[in-house]
Amino acid sequence: MKFWLGWATGLALMMGVVVFGYSQWNLRFYQGYIGDRVQLLAELRRGALQEYFTTAQAELSFWSRNEGIVQSQQRLNEIWAAEGQGFDERLRELYIGSNPHPADFLLNLDDAGDGSAYSELHSVTHPIARKFVTRRGYYDFFMIGPKGDIYYTVEKESDFGTNLLDGPWQESGLAQVFRKARDGAASRVIAVSDMEKYGPSADAPAIFIAAPILSAEDEFLGVLALQLPTDHILSIMNSSDGMGNSGETYVVGEDFLMRSNSRFSEQSTVLIQQVESESVELALAGEQGQLVIDDYRGVPVMSGFAPVNVGKHRWAVIAEFDMAEIAEFAAGERPALSGALLLIYGLSLWSVWYWRGRSLPQESNDLPSVELGDGGDAGGAG
């Protein structure tokens, strides 16, 4: 009994060491695998964002140089100067106050029908600009005069007809990119704002890009600007394909506020959720990599990070998996491992029993016995 107990205990301890060692190796393997995966996800999301902004800037550059846009801008400058004071208020009344279309469909009015030179030009320009923003997924299209007057917009929100230098939206992202494009007109600078809430659009988060409009003689005529919605950015970052139950990707700005939504929140987290993790700080410093941290929920995660430049601004692109789910991935192989080890354990015990109980042949040194007679009586006389 002692022999069998010793063997059984020894084999069990050996199997326990094997299981523990393999489990630790397997966990490290999955942590390394998921670490490489989240870093790749962060880089892929960064590439998609860069492509989106590069495309928007290329399209804006093309339209700002378009001969039709240049001629329209020149004509708008002439009309604005000729009409004089109060013209902005009359335009807002014609295209907003007296617009026959509902509030969210003011862009459907091509011509206010007042017979003015502005409405005649609007009836030609507006269908083209409206089709462009609708087809290309932009929110609005602006033509702004050299002194900051918003001559034209597609959406006809409360910014239409106001001045970006001394009007109600002079601190907005649109005003910022106007000033940058104006100041960099000689080198045709394309200015990009950070994401921030925009009052005329019901405080919805928005990004603006702007480019100068120059005449054939390189005279500064004004600024062409686009308002980018957040929908495309959200669709890039909120894709959960291959992300398991806990994986997510998101973007954080220099103010440590999210520029996309959290997968784990039913409410929007854009410009609301603050994230000041180590991975965010490293990405905003221009670094990329992976590390284990506690995320904005206080949950241990494997975090991949990479920087992305949006104009002069920098965002942190983050991809994360919960460490608990990584451990679950590793633990998923334990049933198969346990079955194999139980089989090995049983075979080992059987082998010991087999060789212990088997009788082996033995060599014998015994010789057959021979009885010899008494030689002294052989020749006795009778």
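## A hairpin to start

Strands β5 and β6 form a hairpin with five residues between them. In its turn, Asp218 has a positive phi of about 65 degrees. Strands here are DSSP E runs of at least two residues, and helices are H or I runs of at least four, numbered from the N terminus.

This is a predicted model, so local features need pLDDT of at least 70 and side-chain atom pairs count only at pLDDT 80 or more, while totals for chains, interfaces and linings use all residues. Residues are numbered from 1 along each chain as its sequence is written, and side-chain values use heavy atoms, with hydrogens and water left out.

β5 covers residues 204-214. It is mostly covered: nine of its eleven residues are buried, meaning under 20% relative accessible area with a 1.4 Å probe, protein chains only.

β5 pairs with β6 (residues 220-228) in the antiparallel sense, over eight bridges. Pairing requires at least two DSSP bridges between two strands. Ile209 has Leu226 in β6 as its bridge partner. Ile209 also stands opposite Val192. β3 (residues 191-192) pairs with β5 over two bridges, in the antiparallel sense.

β4 (residues 196-198) is another antiparallel partner of β5, with three bridges. Glu196 has Ala206 in β5 as its bridge partner. β4 and β5 form a hairpin too, with five residues between them. Ala202 in that turn has a positive phi of about 60 degrees.

## Helix α4

Helix α4 runs over residues 117-136. Its 20 residues should span 28 Å at 1.5 Å a residue, and its end C-alpha atoms are 29 Å apart, which agrees. The expected span is 1.5 Å times one less than the number of residues.

A kink of about 35 degrees lies at Thr125, shortly before the proline Pro127. This bend is the angle between axes fitted to the seven residues ending there and the seven starting there. Thr125 is among the buried residues of α4, which also include Tyr118, Leu121 and Phe132. Gly137 follows the helix, with a positive phi near 80 degrees.

## Nonpolar cores

A nonpolar core is a set of buried Ala, Val, Leu, Ile, Met, Phe, Trp, Tyr and Cys residues joined through side-chain atoms within 4.5 Å. The largest has 48 residues. Those with the most contacts inside it are Tyr118, Phe141, Leu228, Ile233 and Trp315. A second, separate core has 16 residues, including Phe142 and Val223.

Tyr118 belongs to α4. Leaving aside neighbours within four places in sequence, its contacts (heavy atoms within 4.5 Å) include Leu76, Phe87, Tyr151 and Phe160.

Note on methods:
Buried means under 20% relative accessible area, exposed over 50%, partly exposed in between (1.4 Å probe, protein chains only).
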